[in-house]
Amino acid sequence: MNAGETPKLSITLLGAGQEVGRSCCVLQYRGKTIVCDAGVHPAFSGMASLPFVDELDWSTVDALLVTHFHLDHAASLTYILEKTNFKDGKGKVYMTHATKAVYKFMMQDFVRMSASSGDPLFSALELSLTLPLIIPVSAHQQISPCPGVSFIPYHAGHVLGASMFMIDIAGLKILYTGDYSREEDRHLVKAEVPPVRPDVLIVESTYGVQSLEGRPEKEAIFTSEVHDIIRRGGHVLLPVFAMGRAQELLLILDEYWDQHPELHNVPVYYASSLAKKCMAVYQTYIHTMNANIRGRFEKRDNPFVFKYISSIPHSRNWEKKVADGPPCVVLATPGFLHTGASRELLELWAPDSRNGLIITGYSVEGTMARDIITEPDEITGLRGNTIPRRLSVRYVSFSAHVDYSQNAEFIDLIGAKHIVLVHGEKTAMGRLRGALQSKYKDRDEAVEVHTPRNLETLNLTFRGERLAKAIGSLANNPPPANAESLLSGLLVSKDYSYTLLDPKDLREFTGLSTSDVLQIVRIVLGCGWELVRWHLEGMYGFVQEGLDKESGARVMRVMGAVDVKYMSETELMLEWIASASNDMVADSVIAVLMGIDSSPASVKSTTMMRLLQRTLILVSSINTLIHMQANGRIMAILPRRQQCYDSSE
């Protein structure tokens, strides 16, 4: 960047630009590159599911921040670490402790499922090699991955360990929310509002301007629908992801079953190979959950030890055995119904009208979960066969995403001047943008709303204001609030942050040491010491005169700053401690000294000195004559005629 050029923040989406899936946001500012999230697109497989990773030189990345463990935000991380040039740079990877714990199991399952489909992005070995590269962090912990860059994770709700990141790059603050929820549910806290106002807010727009039911209404609709399907002798299929909303639904069902004895003989199965592992992680991170869960745990009532929920033994053809059995409820992965146990059960149960499917989360366009919400008469099986659909389909969203009212309220609380919408389908995102623009137009607020597409770089310019923090003795003695006085001190710049302090505090607060620079200039002059003093006194009024302690040479100090030393009849030496003011005094002294020989005042001063010398000689001669007369003989010395007369004549 050229001097005087205004720095620009570049935001490039390698994924989740006017789409939901493969979240990957690149931030570039003042030579720093930060990447937020690295997911895959659930509607695609293999290389097609990746973000546009070839569009970035990964060796230039300083930090890669992963908000949570869901596949559309984290599943391409191993590919990036192992199969791009990320390893050639100095970039670091960060996620919260809970996210890393779950991420390991999620990715192991992802590798297994990808291998079975014949289109894996990476191997189990490559996954294991990248796990040690991930640095776990805690909420509210400030991390500085490199000079000039820092970030703080804040609770985002959504799922266990999910975080939004307040990123500071050279003083510019960007809040990247990832997926977040502003509704406290049965086990998670709601998303926090960071105490610092960012310059840019990058926020999800999943639901656009859609408003969802309140939590009590949603739970009532959900449990009623489940109970109705059981009453008619059907099976209930709840497609879920292994971690996230599954735990919330389990808590709801376990409580509902406890309150309805007639359901005690109806099994509720959690069909996930990760079930036991993931539940162990949940019990480990109880302290990160809401007050309700922590309170129950303190009373030795572990909410994740369920009374009416059990895991299905993964024996051969277990799906058919469950389908042929009595009514039951099955929570099966994955949530998008595109493969796995949930898809197998759907194909087995679809022809029976007694059965029911309840979609409880957001469904990405292009997946079976999205397609079946429209209630088609038939569906296409994984083997290409056509299957009639007679089972009931109901959509009750427990998706831990914000709806319009929650999102708009959060955006207001954040107060950023630039809002960048991501993680939303084009239509929903466009409607949200229009609603926000209309809202802020009515308020006459200068807020810009952006909806970049994938690979469309958004450049934002910011006024180059510099704020300096006064510390040390300057902070202890601030000027009065109403005083128009200047605060003087040293301005110290480090990693694009500025600190103002007294020079005496430099070592204590910065670790820096100070030193004095001694300036020495030698000048050759053809005049005497007295003439030099005469000129200096004429210019500066008064000079201090003395002897140098080391050499014993005669010294004159000008304005308490510059020492003029007499080295010989033809040489003077100037010494002073370098500073802005001392250098100016020294420059003026040098100018005076260099002008002595050509100065008319020097000629006048020299003539006067010679006259004074002659006067002194004459006075000395008269004194000699008087002395000789006292001895009886007078010798008159006449300078003009050079004659002597004896007194006897």
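I began with voids, and the structure holds 2 cavities of 30 Å³ or more. For the record, a cavity here is a set of points, on a 1 Å grid over the protein atoms alone, where a 1.4 Å probe fits but cannot get out. This is a predicted model, in which local features need pLDDT of at least 70, side-chain atom pairs count only at pLDDT 80 or more, and totals for linings use all residues. Residues are numbered from 1 along each chain, and side-chain values use heavy atoms, without hydrogens and water.

**Largest cavity.** I noted about 40 Å³ of space, a volume being the space filled by probe spheres set on the points. Its lining (residues with an atom within 4 Å of a point) includes Leu525, Cys527, Val532 and Tyr566. Two strands, β29 (562–568) and β30 (571–577), each supply at least two lining residues; strands are DSSP runs of E with at least two residues.

**Second largest cavity.** I found about 30 Å³ here. Among the residues lining this one are His158, Glu183, Asp185, Lys190 and Arg245. I sorted the lining into 3 nonpolar, 3 polar and 4 charged residues, with Asp, Glu, Lys and Arg counted as charged.

**Helix pair.** Next I looked up α5 (residues 215–231) and α6 (residues 245–259), which pack at about 65° with axes 11 Å apart. Axes are lines fitted to C-alpha atoms over the stretch in contact, and angles run from 0 to 180 degrees between N-to-C directions. The two helices are therefore roughly perpendicular, a label for 65 to 115 degrees. In contact (heavy atoms within 4.5 Å), α5 brings residues including Phe222 and Val226, and α6 brings residues including Ile252 and Trp257.

Definitions and conventions. 1 Å grid on protein atoms, 1.4 Å probe; cavity = no way out; pocket = protein on both sides within 12 Å on 5 of 7 lines; lining within 4 Å. Helix = DSSP H or I, 4+ residues; strand = E, 2+ residues; numbered from the N terminus. Parallel < 35°, antiparallel > 145°, perpendicular 65-115°, else oblique.
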